[in-house]
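Open the model in your viewer and keep the selection panel handy. We will go from stop to stop, with a note on what to select and what is there.

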Amino acid sequence: MSETAVPPVNRTGISSVPVARGSAQTPLASAGPMPPGLAGLDDRELLEIARTAPRDSARRDEACELLVKRHRNLVWSCVRRYRGSPEPAEDLAQVGHVGLLKAINNFDPAFGGSLAAYAQPCISGEIKRHFRDKRWQVHVKRSVQELVLDVRAAARQLTCDLGRLPSESDLAQHLGISSEDLRDARQAEMAFQPSSLDAPLAGHPDATSLADLLGDEDPAMEHMLNIQAIAAHWRELPPREQQILVMRFYGEMTQAQIGCKLGISQMHVSRLLAHALGYLRPRLLGLERPTGTGLAAARPATARATVGALP
């Protein structure tokens with residue numbers, strides 16, 4: 001990886017080399033030899049040319065290229081902070097040079113200070129915006145995205161200071177955040193570069209993918225939820241109504257068979273069944289009170305399915 005290459009500058013003062021994401025060998029074009037008349041000028045004189053010369057002039061382009069060449073090490077110093085990132089360093093350098101060019105276009109020497117001091121936050125900000133807007137595959141709040149970067153930087157610093165990998169409490173104390181915020185940042189970092197379900201897994205024959213190893217939806221889950229919903233109000237019913245519901249929906253018995261079994265008429269079975277369903281249904285739906293008892297004839301499918309989940 002060479003640190004002597006810089007992107008060419010077009011007549012708008014912006015890099016004309018596109019950022020090739022995912023490429024580990026993205027070349028940065030050389031600025032080329034500088035005219036001897038400009039090479040001897042200092043930064044302030046070059047900035048003055050960049051500010052006053054027409055945007056379509058070759059002299060302004062040459063001044064910008066020379067400023068970029070002089071401050072390329074500043075770009076790489078900002079890139080090195082993200083050396084643990086999955087993004088190739090060359091791609092980040094391209095983004096950093098865009099920030100440097102923006103700093104050159106916006107810096108006014110009349111306000112004092114140096115170009116390097118002004119450009120450093122511009123370069124870092126451009127790289128951070130690249131991570132924020134281009135690299136996240138899953139939507140994550142901006143505050144959490146920034147916290148992820150802070151956690152990475154803190155982990156590197158604490159590793160050097162402590163001589164070991166920092167614990168969760170070390171990171172939370174150093175950053176002044178709660179353990180819940182740190183946990184959110186850790187989870188968000190996992191979403192930074194998610195794995196594809198269709199990607200083949202190494203060490204598995206026949207190009208097995210991750211999706212092939214994931215379990216299907218458990219059909220017993222709905223059955224369990226139905227049982228829990230009924231169990232919360234089951235003991236509120238009279239024993240006879242409990243027995244009728246079990247015989248009707250679990251035993252698959254008709255009302256006539258239930259009446260014969262209990263020694264009561266089919267009409268009485270129908271009334272008790274309607275009362276039980278009319279009592280349970282609003283409670284399972286989260287209503288305050290039963291809305292009525294005339295549910296025997298309709299027998300809603302949801303109620304039958306829920307009661308049918310009883311053992």
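Is Asn-226 buried or exposed? Asn-226 is buried, because its relative accessible area is 15% (buried is under 20%, exposed over 50%, and partly exposed in between, with a 1.4 Å probe and protein chains only).

Before moving on, some ground rules. This is a predicted model, in which local features need pLDDT of at least 70 and side-chain atom pairs count only at pLDDT 80 or more, while totals for chains, interfaces and linings use all residues. Residues are numbered from 1 along each chain as its sequence is written, and side-chain values use heavy atoms, with hydrogens and water left out.

**Stop two: helix H14.** Next, select residues 266-284. H14 has 19 residues and spans 27 Å from first to last C-alpha, close to the 27 Å expected at 1.5 Å a residue (the expected span is 1.5 Å times one less than the number of residues). Its buried residues include Val-269, Leu-272, Leu-277 and Tyr-279. Zoom in on Tyr-279, where Arg-283 lies over the ring face, 3.7 Å from the ring centre (a charge sits over a ring if NZ of Lys or CZ of Arg is within 6 Å of the ring centre and within 35 degrees of the ring normal). Just past the helix, Gly-286 has a positive phi of about 80 degrees.

For another such arrangement, select Arg-248, which lies over the face of Phe-249 at 5.6 Å from the ring centre.

**Stop three: the aromatic pair.** The whole structure holds one aromatic pair. Show Phe-107 and Tyr-118: the ring centres are 5.3 Å apart and the planes meet at 40 degrees, so the pair is tilted (centres pair within 6.5 Å; planes under 30 degrees apart are stacked, over 60 edge-to-face, the rest tilted). Phe-107 is in the loop between helix H5 (89-106) and helix H6 (115-135), and Tyr-118 is in helix H6. Phe-107 is buried at 7% relative accessible area, whereas Tyr-118 is partly exposed at 32%.

**Last stop: the cysteines.** How many disulfides does a search of the whole structure find? The search finds zero (a disulfide is a pair of cysteine sulfur atoms within 2.5 Å). Select Cys-122: its closest cysteine sulfur, in Cys-78, is 10.0 Å away, too far for a bond. Cys-122 is partly exposed at 21% relative accessibility, while Cys-260 is exposed at 69%.

Conventions: Helices (H or I, at least four residues) and strands (E, at least two) are DSSP runs, numbered from the N terminus. Rings of Phe, Tyr and Trp (its six-membered ring) pair if their centres lie within 6.5 Å; planes under 30 degrees apart count as stacked, over 60 as edge-to-face and the rest as tilted.
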